[in-house]
Amino acid sequence: MFCYGYIRIVVFLPFQSQIFHFFSVFVCLQGSDNELKAEKEGVSDSESKVDSGVPEVPVPPDDTPEVLNKALSGLSSRWKNWWVRGILTLAMISFFFFIIYLGPMVLMMIVLCVQIKCFQEIITIGYSVYHSYDLPWFRTLSWYFLLCVNYFFYGETVTDYFFTLVQREEPLRILSKYHRFISFALYLTGFCMFVLSLVKKHYRLQFYMFGWTHVTLLIVVTQSHLIIHNLFEGMIWFIVPISCVICNDIMAYMFGFFFGRTPLIKSPKGCCKTWEGFIGGFFSTIVFGIMLSYVMAGYRYFVCPVEFNNDSNSFQVDCEPSELFQLQDYFLPSMLESVTGWTTVRLYPFQIHSIALSSFASIVGPFGGFFASGFKRAFKIKDFANTIPGHGGIMDRFDCQYLMATFVNVYIASFIRGPNPTKVIQQLLALRPDQQLYIFNSLKAHLTEKGLLPALEEAAAA
Amino acid sequence: ISLCSRQEADGDDRLGLAGDAEGECDGDSKADTPDYPLSTADTDNTPECLNKALEGLPPRWKNYWIRGVLSLAMISGFFLIIYMGPIALILVVMSVQIKCFQEIITIGYRVYHSYDLPWFRTLSWYFLICVNYFFYGETVADYFGALVQREEPLQFLARYHRFISFALYLAGFCMFVLSLVKKHYRLQFYMFAWTHVTLLIVVTQSHLVIQNLFEGMIWFIVPISIVICNDIMAYLFGFFFGRTPLIKLSPKKTWEGFIGGFFATVVFGFILAYLLSQFQCFVCPVGFNSESNSFTVECEPSDIFVMQEYTLPTVLQNTLRWKTVNLYPFAIHSIFLSSFGSLIGPFGGFFASGFKRAFKIKDFANTIPGHGGIMDRFDCQYLMATFTHVYIASFVRGPNPSKVLQQLLLLQPEQQLGIFHTLQSHLRDKGILPPAAVQAE
């Protein structure tokens with residue numbers, strides 16, 4: 001996952017010996033010595049290289065599209081693999097830009113699809129590991145639980161952000177009022193079905209798969225919803241973190257390739273991650289994050305919270321940019337003043353925040369990748385699946401992103417915004433009249449204390 | 001393939017539990033069929049005094065007597081802690097939670113022979129502390145708003161609570177990743193998942209129990225009593241009238257017990273609800289009195305605890321010759337709670353039975369003589385606690401006013417002003433506030 005085999009063929013050619021080093025570095029990041037041997041032979045399926053005795057996930061050999069195969073038929077299989085990886089990387093990045101252009105609705109759909117695919121990949125691994133593909137009901141139950149949890153989360157999101165729309169339509173209003181109860185009832189049904197489906201010879205397997213499903217739901221589904229919450233704050237909160245993680249991957253790899261010497265972690269799974277790559281990646285990601293934030297903070301399209309316009313029944317991103325996205329003057333510390341000759345510098349406050357986000361992506365983000373590598377080694381699989389030729393499954397690409405999404409969400413909630421005012425009004429209107437009166441008086445006292453109110457009271461009374 | 005994949009009685013799980021081919025299998029002759037001395041028959045920790053008193057009886061009756069005596073002891077303990085008040089209840093809930101967590105994790109260790117995994121015990125307890133910190137912090141911030149605002153360090157902790165909890169959890173996650181050891185990857189991932197699922201089940205639901213408690217002790221007492229009553233009644237009905245087995249998982253359960261327990265529990269719940277609704281100390285939300293720094297349970301009882309007249313449907317009118325009946329609305333709610341406790345609650349018990357059969361253990365632990373571990377007693381309660389919480393949130397109360405106020409105070413001043421005016425016009429429309437006249441400041 002750390003290897004975005006980027007187009008550096010130009011560099012490879014004069015350094016024949018380095019190609020092998022490069023190649024082994026690349027492979028090292030993915031797995032064990034067995035896998036290295038197999039990779040040298042250009043075989044991408046996992047049968048020949050796992051230890052005996054443990055079933056592996058049968059990854060289908062080669063599903064590179066025919067067109068690519070023809071174009072690269074001349075090259076040797078190793079280089080072909082490089083080109084495939086490189087082209088697919090470019091394709092994925094272009095696709096990323098394209099869907100940003102298409103807007104929030106499409107982004108939400110894509111996030112939902114990615115989530116479903118990741119869930120399916122992990123569950124399939126579970127089936128293969130436990131040979132539980134034929135367990136009664138189990139596939140149905142796993143997908144049913146996925147539906148339930150998604151229903152719960154999407155319901156909460158929809159209620160929050162589409163409040164007016166929901167109030168208008170009668171069936172939606174009932175669904176929203178009793179949303180938790182309905183979700184709980186749906187989940188309970190699944191739970192009871194699970195208990196009723198327990199079959200005498202398969203108890204342990206069924207409990208394992210139940211646990212596996214729930215942990216997967218916890219990891220995959222909750223975090224995809226955090227991504228969507230971030231998205232609603234403003235597309236910049238979606239784009240910048242994901243870009244930081246991608247940049248960190250690529251930069252750490254580059255630095256490791258060119259300057260790598262000191263291994264990072266003693267255990268073999270991190271054998272080819274180096275301190276030079278780590279630190280180089282850290283600094284370059286911070287610089288990249290600052291530049292990207294500077295570019296993006298200028299556009300309303302990225303900066304404004306996504307809102308639903310009741311009249312036109314569509315999403316709009318139009319607003320007055322908040323303070324975070326307005327240029328401010330910052331005084332440089334005297335050290336930097338003497339170096340650069342500027343007294344003040346104009347920055348968006350968001351860029352300061354982006355430093356925190358980049359630091360997290362560089363320092364803690366890789367642990368998500370180590371976790372996924374450990375998981376793959378534990379279950380002796382090379383990739384989660386074979387969806388993307390040369391890169392493995394969707395989960396392989398997204399394993400670092402999950403920690404990042406949660407961090408951004410917690411960061412926003414703690415440091416950026418307070419509670420959502422619409423939501424607070426909603427809750428206020430749901431209270432009993434005497435409670436509303438109590439809050440009204442408390443609020444009045446508070447605002448009067450702050451001096452915000454008396455002037456307005458006189459104006460209103462006039 | 002390798003030594004590990006022996007066929008066990010279940011015929012499944014071809015990996016073998018200690019399934020790493022990397023060398024875990026050698027010393028594990030009982031990897032697949034753990035027959036640890038986890039059954040109460042082997043280790044008898046009945047207190048000496050009970051043993052002496054029951055010396056004369058044959059062992060079967062002795063077992064019954066022990067179970068009976070312990071049941072009475074537990075029920076008395078229940079009443080005692082109710083008497084002691086909310087703080088004692090919270091502490092007891094927390095102790096039960098910690099004990100249940102420890103029981104399940106110990107089973108995991110034994111099943112996977114992972115007792116010597118580096119760091120793992122530390123990490124499991126660390127995650128338990130993190131999740132508890134997160135939940136208790138949210139609860140404290142909600143209910144003790146005034147206290148929190150007063151103390152400076154508490155205010156800081158409350159404001160950045162989510163961030164601090166997340167940072168603590170991340171530290172644990174990173175420690176886990178760093179602790180992965182070459183030969184034990186799979187075991188470590190299993191234990192990681194086991195810990196998380198246990199946390200999900202045990203800790204979240206104990207916090208729902210505490211939140212129910214804060215709504216009013218009646219929301220804590222009635223559901224728990226319903227589940228206990230259902231257990232006992234289903235057992236008695238099954239004992240006297242039982243004939244048709246209910247489910248293969250638990251061969252001792254019968255349809256007669258199930259249905260008899262259902263009706264008996266509904267009646268019991270109804271009567272209990274009627275009795276308890278009259279007392280303020282059970283009915284009022286637990287509030288924290290900032291001045292006296294203690295909990296108070298005094299309030300104006302809400303609508304559902306005020307007697308109301310219900311007109312009986314004509315069918316019942318003819319039978320009973322009453323036109324109307326005075327009931328607490330809460331008694332109607334208790335019917336729903338009892339139904340859930342009798343119909344769906346047992347699924348929690350079946351789940352735990354299935355779990356015990358899957359891992360071939362007789363009881364979760366041996367804490368309570370004759371009954372097994374704490375988890376054995378509480379397995380049905382968990383679904384009930386979640387249901388009660390969801391029920392309250394959906395049908396009984398709206399949002400918590402102090403929480404809404406807290407959120408209001410966190411907003412930006414312009415937003416606060418906007419909300420103030422919206423609320424003002426809303427209240428004026430409803431006639432609660434006098435229309436835009438001079439208001440006494």
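Q: Why is B:Glu103 called buried?
A: Buried means under 20% relative accessible area, exposed means over 50%, and partly exposed lies in between, using a 1.4 Å probe and the protein chains only. B:Glu103 has a relative accessible area of 2%, so the residue counts as buried. A word on the setting: this is a predicted model, in which local features need pLDDT of at least 70 and side-chain atom pairs count only at pLDDT 80 or more, while totals for chains, interfaces and linings use all residues. Residues are numbered from 1 along each chain as its sequence is written, chains are lettered from A and ligands numbered from 1 in the order in which they are written, and side-chain values use heavy atoms, with hydrogens and water left out.

Q: What makes B:Lys99 and B:Glu103 a salt bridge?
A: A salt bridge is a side-chain nitrogen of Lys or Arg within 4 Å of a carboxyl oxygen of Asp or Glu. For B:Lys99 and B:Glu103 the closest N and O atoms are 3.5 Å apart, so the pair meets the rule. Both residues sit in helix H3 (residues 86-112) of chain B, four residues apart, which means about one helical turn separates them. Helices here are DSSP runs of H or I with at least four residues, and strands are runs of E with at least two, numbered from the N terminus.

Q: What does the salt bridge of B:Arg162 and B:Glu138 tie together?
A: The N to O distance is 3.5 Å. B:Arg162 lies in helix H7 (residues 161-178) and B:Glu138 in helix H4 (residues 120-143) of chain B, so the pair links parts that are 24 residues apart in sequence. B:Arg162, at 44%, is partly exposed, and so is B:Glu138, at 25%.

Q: How many salt bridges does the rule give over all chains?
A: The count comes to four.

Q: Why is B:Lys248 called exposed?
A: Its relative accessibility is 74%, so B:Lys248 counts as exposed. B:Lys248 is placed in the loop between strand S1 (245-247) and strand S2 (250-254) of chain B.
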